[in-house]
Amino acid sequence: MDFSWSVEQNELYEQAVRFGASFKSTAVTDPSQFNIAGWKSLAEFGALGLCAPKEYGGMGLDALSTARVFEGLGYGCPDRGLLFAAAAHLFACIMPLAEHGSDALRAKFVPDLIAGKSIAGNALTEPEAGSDIANLVSRAQQDRDDYVLNADKSYVTNGPVADLFLVYAITNKNAGHLGISAFVVSRDLEGVTAGPAFEKLGLGSAPVGALYLDNCRVSKAHRVGGEGQGTRIFAGSMKWERACLFAIFLGAMEKQLDVCVAYARERHQFGTAISNNQAVSHRIADMKFRLEAARLLLYRACWLSDRGGDSTLEISLSKLAVSEATIRSGLDSIRLHGGLGYAAESGIAELMLDGIGSAIFSGTSDIQRTIIANRLGL
């Protein structure tokens, strides 16, 4: 196997690291605030359209190259919440539109989304339906040239600041997962209410909130794909998200590892650097092991996805490995730094808290284990 990167891929990665490092401030933690200046900078860099079609202003990159850029951003940028918001915008909203929307829908929405002029939120999860997509209660009733949508959505990333939403709702309650359809819903439509951002343990600068649709009339022309294709559209977006978004955490873990190595060399206790303590050096070795194992799984998942085969198993393995490694290595970093790691102002615990979220969104770690088990015939 060839593990080398092309010149273009290396250049993109280095540019991403440098660009990420240009974010001078630490991550925003007030959920009522949104880093719009940072958002526009990400758009100018091209991050909001890495894998989107060139004809709409995107870069047209494959999954592996896209993941490599997000890895560089994760290494350089301290605001992982903003990166998460951008990745959700790209993978869960732009790509479904670009891959399944009509020509008119793509032309109307995708260029402004890539340029950062509009912000999108993916509205699937409900109070009683997250991983269990077949248990949705949102309804879309066709009425002549419109659909009338009623929905209570929760955990909508970018929801509090979004200009439009990709909403999944039942159009045929007797068809199970084949009765779900997807719609583009503009925030300014009558009957649309976006809730305020709520506080989270991590990824504080990614605004997440509820979305309520009350007899909201949506043009039939704003349905994405055919009626009943919502489950397939959502599954396609999750392939992008689970494979590429988590590269942010690869970059963040590599940065964390560099910080830990430097600290272990500089910190002295009992007359010697703590790096000479085997308990410390072995902890760092485990961090390196988890990072490289997760990295190889993620690269393989993206590589297989780019070749058009069924990469479901590999993507679930990758997502599970990255999520769990982020949490465990984050905890190791806190322990290695001792009291400094426990101090909130040091920021050392932030990656672990962000990692807890990574084991929940885009399908929980337990769901990934279930998918893996199913693929093994269990």
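# Calls and their cut-offs in a predicted model

Q: How many disulfides does a search of the whole structure find?
A: The search finds 0 disulfides, where a disulfide is taken to be a pair of cysteine sulfur atoms within 2.5 Å. This is a predicted model, in which local features need pLDDT of at least 70 and side-chain atom pairs count only at pLDDT 80 or more, while totals for chains, interfaces and linings use all residues. Residues are numbered from 1 along each chain as its sequence is written, and side-chain values use heavy atoms, with hydrogens and water left out.

Q: What makes Cys216 and Cys260 count as buried or exposed?
A: The label rests on relative accessible area, with buried meaning under 20%, exposed over 50% and partly exposed in between (1.4 Å probe, protein chains only). Cys216 has 0% relative accessibility and therefore counts as buried, and Cys260, also at 0%, counts as buried too.

Q: How many salt bridges are there, and what makes a pair count as one?
A: A salt bridge requires a side-chain nitrogen of Lys or Arg within 4 Å of a carboxyl oxygen of Asp or Glu, and by this rule the count comes to 15.

Q: Why is the pair Glu71 and Arg68 called a salt bridge?
A: The closest N and O atoms of Glu71 and Arg68 are 3.3 Å apart, and the rule asks for a distance within 4 Å, so the pair qualifies. Both residues lie in helix α3 (residues 63-76), 3 residues apart, or about one turn of the helix; a helix here is a DSSP run of H or I with at least four residues, a strand is a run of E with at least two, and both are numbered from the N terminus. Glu71 is buried at 0% relative accessibility, and Arg68 is buried with a relative accessible area of 12%.

Q: What partners does Glu292 have in salt bridges, and where do they lie?
A: Glu292 meets Lys288 at 2.7 Å, N to O, and also pairs with Arg295, where the closest N and O atoms are 2.8 Å apart. In helix α8 (residues 278-306), Glu292 and Lys288 are 4 residues apart, about one helical turn, while Glu292 and Arg295 are 3 residues apart, again about one helical turn. An α-helix has 3.6 residues a turn, so residues three or four places apart point the same way. Glu292 is partly exposed at 25% and Lys288 is partly exposed at 40%, whereas Arg295 is buried at 9%. Salt bridges that share partners join Arg68, Glu71, Glu254, Lys288, Glu292 and Arg295 into one network.

Q: How does the reach of helix α6 compare with the span expected of it?
A: The expected span is 1.5 Å times one less than the number of residues. Helix α6 (residues 230-245), with 16 residues, reaches 21 Å from its first C-alpha to its last, close to the 22 Å expected. α6 is also mostly covered, with 13 of its 16 residues buried.

Q: What makes a set of residues a nonpolar core, and which members touch the most others in the largest one?
A: A nonpolar core is a set of buried Ala, Val, Leu, Ile, Met, Phe, Trp, Tyr and Cys residues joined through side-chain atoms within 4.5 Å. The largest has 89 residues, of which Phe70, Phe91, Tyr168, Leu245 and Leu298 touch the most other members. Helix α4 (residues 80-100) gives the largest share of this core, 12 residues. A second, separate core of 17 residues includes Leu149, Val156, Leu213 and Val218.

Q: How do you know that β4 pairs with other strands, and in which sense?
A: Two strands pair if DSSP finds at least two bridges between them. Strand β1 (residues 120-123) and β4 have 4 bridges in the parallel sense, and β4 and strand β5 (residues 180-186) have 7 in the antiparallel sense. Leu166 of β4 is the bridge partner of Asn122 and stands opposite Val184 in β5.
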